[in-house]
Amino acid sequence: YSKILPLATSVMSVDRVNMTQLKTTTIDINHFFAFYCFLDKSALTKPLIHAYAKEGRLKETKDLVLNNVKDAESTIRFTLSQLDSNEKTNKYGYINTTAENLFSVAMLQHDDKELSKAAFNYCLLYKQAFMSSESLMRKQILESSDSMLVKRYTNLQQLMETRQTCLQAGLEVSAIEAQIATLDIQVKEDSTAYGDYTRELNLKWMDIQNILDNESAVVEFISYQDAVSADVRIGAIILCKEWDSPKMVSLCSEKDLEEFGQSPDHIGTLIWTHILDIIGEKYKLYFVPSGIINNIGVENAMVNGEFLSNKYVLLRLSSSRELVHKKSLIGSQAVLYGGIFYSNEEVESKTPSNRAAETEIPYLSGTKTEVETINALITQMGGIPTSMFLGHSATESSVKMLSPLSTKILHIATH
């Protein structure tokens, strides 16, 4: 305790004052992990990463963050499925901070292939961890009439919990892992939902790469804190078919976007220029937004005076793991909305001007022209069937009635 408590106090106090000022020369790192499991791991990891980075100790920085990631991945795979929604929410901070720490270190050593692979893999895993598929899978199994499946699944969860406890205590887990592997196979055979979920958790960057063709690239945008300056920056992890690992590039700071504005030219310069230099002649870009990029129409950027969408096919995803299942687009028709009357009431007798005055949302006649033009273009090109909802027929209730199984494109021209 004479070493552990003062060290814990010094590290935790740095996070409250100025975490970048911590000097690692005052830390006996051999004693760090002695209290590591008793405190907030992410709160300890971040100041140590900044301290190591400031002193140029990149190997220690890398080892620290990869150990942290290994623990977080174990938590996601073996612990989250046992938690209720509130407990899972409490875990989110730790899992998300682990991502931020990993991205900070990976960007500091952006040519390190081990780190770039770890960063892409963690993007796949931690986004999946909080999707609804896990809770639906668990509910489906526990509510099934198959008592043997329920028993096996319950035993599997208990073994996973025991494994995690033993790992944290530094105990041998090979025998438990063998039992888990056997039960895991049995539950997968009995439950399609469980098999689908566990396969999602085990997706790696190579699984995504195998889906790509030679004309495509995947861009996972990330937000991270610079390990030296502590500025919040935007970066990208990029993957192409022929590469032996993902590649990472720092793009700009969030402050740059705020200062220079979000015009198509600025977005092109700050966000896309470096990415396009790296991917070369690829024309189909799957991209996954993150952080501030979620609020920016990066598809509308301009590069060298030309809109990006005129030269590239840009496809926005919530995660690149969607590509594994995206063998063909769902739906068979385009649904177009325009000339909308903005009102809570759907009354035929009211004129556009009266309705707009009541709601203070002006009627946009140009949106009607917009969808009519799109409809004509699709028809002219011999594309998919279209359905137009204009004026009084463009209602909220009609949108809710649409079937995802029959709708390939939904275009709403509005404010």
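Start by selecting Ser320 and Glu220, whose side chains are joined by a polar contact of 2.7 Å; a polar contact here is a pair of N or O atoms within 3.5 Å, where, within protein, one must be able to donate a hydrogen and the other to accept it, and where residues adjacent in sequence count only if both atoms are side-chain atoms. The model on your screen is predicted, so local features need pLDDT of at least 70 and side-chain atom pairs count only at pLDDT 80 or more, while totals for chains, interfaces and linings use all residues. Residues are numbered from 1 along each chain as its sequence is written, and side-chain values use heavy atoms, with hydrogens and water left out.

**Around Ser320**

Ser320 sits in the loop that runs between strand 7 (313-316) and helix 14 (322-325); helices (H or I, at least four residues) and strands (E, at least two) are DSSP runs numbered from the N terminus. Is Ser320 buried or exposed? Ser320 is buried, its relative accessible area being 0%, where buried means under 20%, exposed over 50% and partly exposed in between, with a 1.4 Å probe and protein chains only. If you show the surroundings of Ser320 and set aside its neighbours within four places in sequence, you will find it in contact with Phe120, Leu124, Ile208, Val218, Glu220 and Val288, contact meaning heavy atoms within 4.5 Å.

**The nonpolar cores**

Next, select Leu102, Phe103, Phe120, Tyr122, Val218, Ile222 and Ile237, which have the most contacts inside the largest nonpolar core, a set of 43 residues. Such a core consists of buried Ala, Val, Leu, Ile, Met, Phe, Trp, Tyr and Cys residues joined through side-chain atoms within 4.5 Å. Among the elements that give two or more residues to this core are helix 4 (58-78), helix 5 (85-108), helix 6 (113-129) and strand 1 (216-225), and helix 6 provides the largest share, nine residues. Centre the view on Leu102, which, not counting residues up to four places away in sequence, touches Val65, Val69, Leu115, Ala118, Ala119 and Tyr122. Another core, of 30 residues, lies apart from the largest one, and Cys240, Trp243, Ile267 and Leu314 are among its members.

Now colour the strands of the open sheet with the order 3-2-1-4-7, in which five strands show mixed pairing; two strands pair if DSSP finds at least two bridges between them. Strands of a sheet pair through backbone hydrogen bonds, either parallel or antiparallel. Strand 3 and strand 7 are the edges, and because each has a single partner strand, one side of each is left without a neighbour in the sheet. From one strand to the next, the twist averages 25 degrees. Strand 1 and strand 2 run antiparallel and are paired over nine bridges, and if you pick Val219, its bridge partner in strand 2 is Ile238. Helix 13 packs on this sheet, touching strand 1, strand 2, strand 3, strand 4 and strand 7, and its direction makes about 160 degrees with that of strand 3, as judged from axes that are lines fitted to C-alpha atoms, for helices over the stretch in contact, with angles running from 0 to 180 degrees between N-to-C directions.

**Salt bridges**

Then display the side chains of Lys62 and Glu114, which meet in a salt bridge of 2.9 Å, N to O, a salt bridge being a side-chain nitrogen of Lys or Arg within 4 Å of a carboxyl oxygen of Asp or Glu. Lys62 lies in helix 4 and Glu114 in helix 6, so this pair ties together parts that are 52 residues apart in sequence. Lys62 is buried at 14% relative accessibility, whereas Glu114 is partly exposed at 47%. Move on to Asp244 and Lys113, whose side chains form a salt bridge of 2.7 Å, N to O; Asp244 lies in the loop between strand 2 and strand 3 (247-253) and Lys113 in helix 6, so the parts they tie together are 131 residues apart in sequence.

**Two last stops**

Select Asn304, in the loop between strand 5 (302-303) and strand 6 (306-307). Most residues other than glycine have a negative phi. Asn304, although not a glycine, has a positive phi of about 55 degrees, and Asn304 is exposed, with a relative accessible area of 80%.

Finish with the open sheet of three strands, whose order is 9-8-10 and whose pairing is parallel. Its edge strands are strand 9 (386-390) and strand 10 (407-412), each of which pairs on one side only. Strand 8 (residues 333-338) is joined to strand 10 by five bridges, and Val335 has Leu410 as its bridge partner in strand 10.
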